[in-house]
Amino acid sequence: MSNPLLLFWYRLFGTEPARRAPRWRVPMATSRNASATIFLVMRRMRVPLIVLIVIFAITTLGLTLIPGQDAQGRPWRMGFFDAFYVMSYTGSTIGFGEIPYPFTYNQRMWLTISIYLTVVGWAYAIGSLLALLQERGFRQALALQHFTRKVDRMREPFLLIVGYGRTGELLARSLDALGRRFVVIDSDDERINDLDMDSYRADVPGLVADAGDPGHLAVAGLDLPSCEGVLALTDDDQANLAVVQATALLRPDLLVISRAVSPTTAERMRAFGTPTVVNPFDRFGDHLRVALRAPASCQLMTWLESGPGARLPPRGSPPSKGHWVICGYGRFGREVTQDLRAEGLDVTVVEPEDVAEHGPDTVVGYGYEPGVLTRAGIERAAGFVAGTDNDTTNLSLIASARRANPTLFVAARQNKAASAPLFAAVQVDSTLVPADVVAREVYALLATPLMWRFLREVPRHDDAWAAAIVDRLTLLCGERLQAVWKVRLTATEAPALTMWLAEGGARLGDLLRNPDDRDEPLHAVPLLLARAAGGGDEAGFVLAPNDDVVLAPDDELLLVGWPSARRLLDATLLVDATREYVVHGRYVPSSWVWRKLSRRTT
């Protein structure tokens, strides 16, 4: 900004809007790139424009100095305006003619020279402009400016998604189905291009940038009051840690959810506030432990985490006794080994020779090599885990293990979405797709926090209890999960129930009657009742409440059922006449005219 003219225009137009005051100062380099693209054009085009201006100035001055002749043959000199006008249409190759009088030979000679000079000047200027349009830096600055404008125009609450890989894409589609707005940052320009090509209900701003830079987070709207949360979903734990740190220091009031596969990184994240850290390996291990003890509970959790429209997963039957063989003792293998041994199972780990950690229950070698799985006891094993970070290797391990023991329960780690048909073809009993696990966990947290609470409580109940809930849901919804929603019994969201709840004795079964026929129940299953007086404690939650549970003001209900049942329940919550019919079976006139007529007849 050393040029005085550029500095003047920057001070005039490059100031920050006065509508909001950031709580911290954005780095100058980032803010300039976001709001001063025009100054980048002026800097790049300064020399071509100066050359063009000098050419026009010299040629215009020459026309004013070379004398001409009027109609009577008297000497005549062209004024500056006429000379500039002639050079303008001549330099642009329009050619209106010689005005106001025919030129002399001297004037025509000078004009001929001027034509070639202006052609060279225009060619130089246009070539420089085209070269500028092809520069990566200019395109990035232009995209950043366009992105910033779209983010600043967002008035509704939005989430900031960092990382548009498989996890980010799955979560974005789920959020879009819920009508939630979001902004995306990713360091890969191809992923942002995919974002632009995806069909979402609303326009989704996307930025190619390093989210570890706080300035990029600020440009993405981190400092805006409408930003309601940050989701760090990249495959790099260190990048996610940087996002968590920046958000915790700059906006400690925001919801932060992060992906992390390293326990050490997860602890470093928790040192900054209270972020929710999702570890896909840890969650798979927890699900496996639940499946060992209660297959129906694992089936229920997986189904509800998948969201509306998900098909009922098969109820697995992993062996709760016997020997297990695990190939791949990385972070995933260690987590699964610890969980299996915590359940009292015998585990043998197969690892190559170059791995430093070799315990007494470790067989050195590659699982697909001849004799390695035999030394690990694969013939007598009940379960097998292929947990390397390479899908081709995992498929080879599964084939070798199945050849040695066809009755094995096989769990495998799928690293790439493109490998899904291959893992389905080999009929793996339990598959870990880290991106899907993280997306389901984050969706359960964001869609309805009560669902997250319910899923945390499911493993504490026996398998028969979970099987009964699965049977109720399948009887109601079929093989695909229907709508999931939350109801708050407050004066704002349920005004028709205020007096009924205050009187006491408001039964849940009475509330869940069909407004069209109160003798028929609504097609909805209550999964959780959150008591207003519970304060977040376990005593304040009732899982799978029955019809005799008495409701109280400000209670919250988590329901699963048909979308039509949600609309019918809304009528009960909002309309007094509907409430009277559903609860007491009385027909109450709802319009003013009918109320007046009913009073006269009585």
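This is a predicted model: local features need pLDDT of at least 70, side-chain atom pairs count only at pLDDT 80 or more; totals for chains, interfaces and linings use all residues.
I call it a salt bridge when a side-chain nitrogen of Lys or Arg lies within 4 Å of a carboxyl oxygen of Asp or Glu.

**Entry: R460 and its partner**
R460 forms a salt bridge with E457, and their closest N and O atoms are 3.6 Å apart. I then looked up how open each end is. R460 has a relative accessible area of 56%, so I put it down as exposed. E457 comes out at 10%, so this residue counts as buried.

**Entry: other salt bridges**
How many salt bridges does the rule give? I got a count of 26. I picked out a few to look at.
- R74 and D70 meet through their side chains at 3.1 Å, N to O. D70 counts as buried because its relative accessibility is 13%.
- R270 and E267 also meet in a salt bridge, at 3.5 Å from N to O. Both sit in helix α12 (residues 263-270), and being 3 residues apart there, they are separated by about one helical turn. R270 is partly exposed, at 40% relative accessibility.
- R283, D286, E305 and E441 are joined in a network of salt bridges.

**Entry: the whole protein**
I stepped back for the overall numbers. The secondary structure comes to 26 helices and 20 strands. The protein has 602 residues, and 48% of them count as buried. I also checked contacts with a separation of 6 or more: residues 24 or more positions apart account for 66% of them.

Which residues gather in a patch of negative charge? I found D189, E190, D194 and D196 together on the surface. D189 belongs to helix α9, which covers residues 189-197. At 33% relative accessibility, D189 is partly exposed.

L129 lies in helix α6 (residues 105-134). Its relative accessibility is 37%, so L129 also goes down as partly exposed.

**Entry: around W465**
I found W465 in helix α21, residues 463-477. What does W465 touch, leaving out residues up to four places away in sequence? My list reads F454, V458, L543 and A544. I also looked up W465 with A296: they are 169 residues apart in sequence, yet 8.6 Å apart in space, C-alpha to C-alpha.

**Entry: positive phi outside glycine**
I noted two residues here, and I would be glad to have you look at them alongside me.
- Q427 is not a glycine, yet has a positive phi of about 60 degrees. I place Q427 in the loop between α18 (420-425) and β14 (430-432). With a relative accessible area of 60%, Q427 is exposed.
- D554 has a phi near 70 degrees, again a positive value in a residue other than glycine. The loop that holds D554 runs between β19 (550-551) and β20 (556-561). Is D554 exposed, partly exposed or buried? I get a relative accessible area of 43%, so D554 is partly exposed.

Key
Residues are numbered from 1 along each chain as its sequence is written. Side-chain values use heavy atoms; hydrogens and water are left out. Patches are made of residues with over 30% relative accessible area and no salt bridge: like charges are joined within 9 Å, nonpolar side chains (Val, Leu, Ile, Met, Phe, Trp, Tyr) within 5 Å. Accessible areas come from the Shrake-Rupley method with a 1.4 Å probe; for residues, only the protein chains shown count as cover. Lys and Arg count as positive and Asp and Glu as negative; His and the chain ends are not counted. The place of a charge is taken as NZ of Lys, CZ of Arg, CG of Asp or CD of Glu. Helices (H or I, at least four residues) and strands (E, at least two) are DSSP runs, numbered from the N terminus. Buried means under 20% relative accessible area, exposed over 50%, partly exposed in between (1.4 Å probe, protein chains only). Contact means heavy atoms within 4.5 Å.
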